[in-house]
Amino acid sequence: MCGTCSGRASVHRGREDSTEVMLGFQHISTSKSPCSNVGETAALLDCTPAAFSSLLSPGATVVAATTVQDNGTFQVPPGNIAYPTSPTGLKALCALQVQVPSSNSSFYQFGLFLPNQWNHRFLAVGNGGLAGGINWLDMGTGVGYGFASISTDTGHNSSALNGTWGLNQPEKLIDWGYRAMHGSVVAAKQIVKGYYRSDIAWSYYSGCSTGGRQGLKDMQLYPEDFDGVLAGCAAWWSTHLQTWTVKVSTYNLPVDGPNRIPVSKFSVIEKEIQRQCDPQDGVRDGIISDPRGCNLYLNALLCPANATSNATASCLTPPQIQTLRNIYSDYYETNNTFVFPRFEPGSEAQWPLFFGGPGPVPLGYDYVKDWLLNDTTWTYDKFNYSIVQLADRINPSNSTADNFDLSAFRARGGKLITYHGTADALIPTGSSVYFREAVETTMRSKGVNDIDDFFRFFLAPGMQHCGGTPPIQQAPWYFAGPNQAGMVDTSLHSTPGFNDPRHDILLALMEWTEHGTPPDDIIATTWKNNDYKQGVQKQRPICPYPKKPVFLGGNLDEAGNWECADDNPHL
């Protein structure tokens, strides 16, 4: 039994007397402590609700406590709409579900996995879209490394595309915006310390999409919560992202309009964009590595004179060409005011979500009518720039993560890694570029000339939203980012066969945070037939912005034949 160790005192940063503890297959060094052996199973509390009563914050209750045996499965409770998939192959652990009141009319819940063999580290994982629900699957990924891992349900239960729950519910919106995440982190850390009778050595966050926004928002409001933050494809600009979502959807409406591009034509567009943009980045490899550098000639898709949109499957009418120009254009308003970036060339495979339905995607439509206006009679044809301006003034849920002064997080030694796929058609890649450059501008005004000392941003060529790649590109996309392991296997963590900081972006964040070694690139992987058991198909580095991958010669599919360079001579 460990007794009562103080982990932050005994597992201290910078101590030379260190021992190695196992994180999955990757060794990460911590300082010596009587309680720092991850292989040791301490005399832990019973995994029952009553055993945790003294560790709870005021008003909190344990909804459930479940023991999971080694190599076991945690069965996700029924009714978890957004995250129904159960993590498998878990290490032995205690699973908690805790409910915490957040106001007189609202509460949130969080899940907590407490592995018997703990690495003295804490990991919070994020959510997606407008969803409510505990992300048990990503928590299971964290346990594979040895983390005590948590997820919040953000204060409600819904699918990712449903925002109707926010109608006249200001407290629930605040929970979703930031309160449930921070409150869950504080309450969970208290439980972790009591359960293991030890302080937490290092605290991390990992999330993508809304999960990316959650991490950025939390670090801006509460810089003490995490030592390292990993934020992918972040939906950080809520007031502009959600309203732009309505705007961009209108480009392909109404359904019976002459401007309407049918879903059947999206693959035609994709093939032509691939033909034009693939070689323009300097290498004809099936991957559009630099969409912004592609000089589009959309009239190549224009139908011959007197043809109709139905006359041939391989061309577009002039009104449809204009719709396409709108989709590939940044959204500007009065007096050349920038509102939001465009969809990038190469993102066409994911367009049906935005452009395939009879109306705007609910991600934006529900936000406007149910969160911003509280008016269920509002229709998308009433959209104009005043909606964006109103969103900026009201900022329902206070979810926008636009405090670009990260001085407090940097001052305490925090490290931030963000990334975005260039083929993302749920959140345009340019929004992450905008965030990075806004932070750089702000931090330089504070006297910080090189933000790379704490913040690195990676662009992943050919990757879609959070993971995956269009079949036409087959780009390497897997680097153990948030959500990615669960896309491949419910028992997976890290990168199979490459469990090291160069192939695993979470391990890279840990290496940087704990040992001061920043990632100069991350190797992305894809497998034969999308099955990691069949072996690697391609690997390639993704580069810290503004560097770009440059081919050196040899086999295109081997990462060693590429390098990240400041200036791509082909562009």
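Helices (H or I, at least four residues) and strands (E, at least two) are DSSP runs, numbered from the N terminus. This is a predicted model, in which local features need pLDDT of at least 70 and side-chain atom pairs count only at pLDDT 80 or more, while totals for chains, interfaces and linings use all residues. Residues are numbered from 1 along each chain as its sequence is written, and side-chain values use heavy atoms, with hydrogens and water left out.

The protein chain contains 14 helices and 17 strands. Its radius of gyration is 24 Å, close to the 25 Å that the globule rule gives for 571 residues, so the chain is as compact as a globular protein of that length; the radius is taken over C-alpha atoms, and the rule is 2.2 Å times the number of residues to the power 0.38. Along the principal axes, the C-alpha atoms fill a box of roughly 85 × 60 × 50 Å.

Of the 571 residues, 60% count as buried, that is, under 20% relative accessible area with a 1.4 Å probe, protein chains only. Contact means heavy atoms within 4.5 Å. Among the contacts with a separation of 6 or more, 67% join residues 24 or more positions apart.

The interior can be followed through its nonpolar cores, each a set of buried Ala, Val, Leu, Ile, Met, Phe, Trp, Tyr and Cys residues joined through side-chain atoms within 4.5 Å. The largest has 103 residues, of which Leu114, Ile191 and Trp351 touch the most other members. Helix α3 (residues 170-196) gives the most to this core, with eleven residues. Apart from it lies another core of 44 residues, including Leu90, Val143, Tyr478 and Ile522. Beyond residues up to four places away in sequence, Leu114 touches Ile191, Val192, Tyr195 and Tyr196, among others.

Two residues share one loop. Gln473 lies between β13 (455-460) and α13 (484-488), and Phe479 is likewise placed in the loop between β13 and α13. Gln473 has a relative accessible area of 3% and is therefore buried. Leaving aside neighbours within four places in sequence, the contacts of Gln473 include Gln274, Gly286, Ala423 and Lys538.

Why does Phe479 count as buried? Phe479 counts as buried because its relative accessibility is 0%. Not counting residues up to four places away in sequence, Phe479 touches Tyr419, Met463, His503, Asp504 and Ile522, among others. The C-alpha atoms of Phe479 and Pro501 are separated by 9.7 Å, with the two residues 22 apart along the chain.

Notes
Buried < 20%, exposed > 50% of the residue type's maximum accessible area, 1.4 Å probe, protein only.
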